[in-house]
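Subject: Structure for you to look at, with notes

Dear colleague,

Please find the structure below, followed by my notes on what was found in it. I would be glad if you read the notes with the model open beside you.

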Amino acid sequence: MKTLKGIAASPGLAAGPAFVVTKEKPVLPGECMDPETEWQRFTQSAQQVANHLSRLSEAAQTGGGAQIFSAYAGMMDDPVLLDKIKEIIFLQKQNAAFAVHTAVEDFARQLESSDVPELKDRAYDLREVGQLVIRRFSTDHSADPLDDGNGFSPPYVLPRPSIIVADDLTFLDTARFEPSMVLGYCLARGGSGGHTAILARAAGIPAVVGAGPGVLNRIMGKTLLLNGDEGTVTIEPDTETMNRFRGRKSRQDHVSARAVSQSSESAVTRDGCKIEVYANTGDEKSAEHAAQSGADGIGLFRTEFLCTPSRPLPDEEQQYRVYTSVLSHFKDKTVILRTFDLGGDKPVPSLHLPQESNPFLGLRGIRLGLAHYDTILKPQLRAAVRAGQTGNLFLMLPMVSCPQEIIDVRVKIGECTRQLIEEGFPVSREIPVGIMVETPAAAVMARSLAVSADFFSIGTNDLTQYTMAADRGNPAVSHLITGLRPAVIRMVHFAVQGAANTGKPVGVCGELAGDPRAVPILLGLGVRELSVNPRDVPLIKHFIRQLNLNSAREIARRAMMRDTPEDVEALVKKYMKDITGITDITGIKNLKSFPRRNTRAVN
Amino acid sequence: MIEVNVKVNDKIGFHARTSSLFAREAQKFKSRIIVGYGERVADARSMLSLMALGVKQGEEVQIGAEGRDCEQAVAALKTLVENGFEAGQ
């Protein structure tokens, strides 16, 4: 038995036989014809390869995979690459294979010499596409054992579900496996930004990369234990190790399965308090996914996701169509639309807004909506009031910092409603208007805002940045944004207290809502609604069912007295066992990425 | 020639997927479009040249265009980058 340590590239556990993939060294054909013919050979092959990649893109199991194939199909249109190849064929009088190889190598070397690690992985992919084109030049396809007779690599046939082991894998290699037969990936080289890692994470199967060349040594068919949580691979485990591994995996699978099967039920704490678990989304497809994953509603619909370069501000009809479609997936459940959160670093080209020197603190969110009411907010309010007659629609305002903003919007909604009634639209339901709590002003003035807002949703992402005065995109200060910050906990506390005697609900829709370490504190402070990624809904509900709210209140009280995020995290860890019976919190975090398909049984 | 500065927020700057989306968008316009990063310049229609720029997260690039539709080109590309390359998907 031997255990090798690599990089944990995709979480999860898998046990199974190794299937080794070895690469043959490609050979460059040597014949040379006249330039015009060579160029024809190239363009023909390039077109065929582009078509092949497009087909692979359509057949891809994951959105991420499809995009990668599609991206490389586009490589064949790259004007600079084509110019280089043309030059080598016509001016240097070299054959097509040499021209493609040289031109591709030129780019590949540029990528390799970059100090961005992910680009080094792309150099490998690039050479692979180049090889695909070159292989098609050879008239004798039978010489290449990897060839299916048409110049393209045939699929690998796996005799049984296996763990794929290789030195490295390109995106083309991964397409040659039947996805349901792949238990996991183990690579000798590679990084966590490589294509294999990305694909494994999207598919919800474990992957370990950078395990070292030793992993390839006479390993075909041997039993492996792949631990994508810790980044280790154990070869030919002894019985004891195997049993422990199986036990751990079995527990993980069991929790996942149970969470998924109960995801449509309400999340109620052990001491009987119901917590609403909503989903954050920004398009119809994702909303549908959220409904299927058991979300109790949509806590945040990011309407600015409807804005695209070709259609920067969808009109009233377009918006009405999308909103009613989303409502139809949720029947009488809550659907909260956030009005366009534009401006700042999310521009609106048609408005020709002057560039701000401090966009984070500028004309954005509701400020922009009110300043450019006719263009931005009015069509949206009209569409929302109309759509709101078909379901339980709520409106939420972003970037609120004072009560006047809410009052102004309510006046405008009244105007729109009257106009719509005059125009003959059926309007009987009044749309509730709530606010995002993301500015420190909103948090500390919550009591005053609670007079005119119907509900609060705490946007912890931006609230943390404004409170800590640090930009999460700035590597020099982003460490101030991470973790369970006591300052942010206090802000949440202010917001909850502000709404306390009004009976108006307070939810959290930022990343903290989906973080099991933060959930006990949030609930303990009095939050009763969490809005998370659709994929996290089953897990968060499951987690809530293990919680005792009284104990959570105690945790929150103590967390408020701590001074550093490390202290808060230690506090949560210490009490996690008491309040949930869960001992391994790393395990919980990794359960967050649910597999998209059924995991194979351990053999 | 019209030029703007754009901050790239996507996790690893211009990688395969994002370069391809950017190049495809650039190819829709008639203007000559370039992307500048530090002292390096790339033809915006070339996905490989964009990748080779090695732009990292949080870095700024310049988008420059020259031609009849240069204003639309620059606006469209700037929006594409700032929307995280989610082009009408």
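A residue is called buried here when its relative accessible area is under 20%, exposed when that value is over 50%, and partly exposed in between, with a 1.4 Å probe and protein chains only. By that rule Thr303(A) is buried, because its relative accessibility is 0%.

Before going further, some conventions: this is a predicted model, in which local features need pLDDT of at least 70 and side-chain atom pairs count only at pLDDT 80 or more, whereas totals for chains, interfaces and linings use all residues. Residues are numbered from 1 along each chain as its sequence is written, chains are lettered from A and ligands numbered from 1 in the order in which they are written, and side-chain values use heavy atoms, with hydrogens and water left out.

Chain A as a whole

Chain A holds 22 helices and 17 strands, where helices (H or I, at least four residues) and strands (E, at least two) are DSSP runs numbered from the N terminus. Of its 603 residues, 54% are buried, and its accessible surface, computed by the Shrake-Rupley method with a 1.4 Å probe and, for residues, with only the protein chains shown counting as cover, comes to about 25800 Å², 51% of which belongs to carbon and sulfur atoms. If one takes the contacts (heavy atoms within 4.5 Å) in chain A between residues at least 6 apart in sequence, 67% of them join residues at least 24 apart.

Leaving aside neighbours within four places in sequence, Thr303(A) is in contact with Tyr323(A), Leu337(A), Arg338(A), Thr339(A), Phe340(A) and Gln380(A), while its C-alpha lies 8.1 Å from that of Asp283(A), 20 residues away in sequence. Glu304(A) counts as buried because its relative accessible area is 7%, and its side chain makes a polar contact of 2.6 Å with the side chain of Arg338(A). A polar contact is a pair of N or O atoms within 3.5 Å; within protein, one must be able to donate a hydrogen and the other to accept it, and residues adjacent in sequence count only if both atoms are side-chain atoms.

With a salt bridge taken as a side-chain nitrogen of Lys or Arg within 4 Å of a carboxyl oxygen of Asp or Glu, the count over all chains comes to 28. In helix H1 (residues 35-59) of chain A, Glu38(A) and Arg41(A) lie 3 residues apart, about one turn of the helix, and their side chains meet in a salt bridge at 3.4 Å, N to O. Glu38(A) is buried at 0% relative accessibility, and Arg41(A) is buried with a relative accessible area of 16%.

Asp296(A) forms a salt bridge with Lys541(A), the closest N and O atoms being 2.9 Å apart. This pair links distant parts of the chain, since Asp296(A) is in the loop between helix H9 (284-292) and E11 whereas Lys541(A) is in helix H19, 245 residues apart. Asp296(A) is buried at 11% relative accessibility, and Lys541(A) is buried at 0%. Helix H19 (residues 537-546) of chain A is largely enclosed by the rest of the structure, because 10 of its 10 residues are buried.

A network of salt bridges also links Glu316(A), Glu317(A), Arg382(A), Arg386(A) and Glu423(A).

The interface of chain A and chain B

Each chain gives 32 residues to the contact, and together they bury about 2500 Å², 62% of it on carbon and sulfur atoms; buried area is the accessible area (1.4 Å probe) that two parts lose on being put together, summed over both.

On the side of chain A that touches chain B, helices H2 (63-73), H3 (79-90), H4 (96-112) and H5 (117-135) each supply at least two residues, and the largest share, 5 residues, comes from H2(A).

With best wishes
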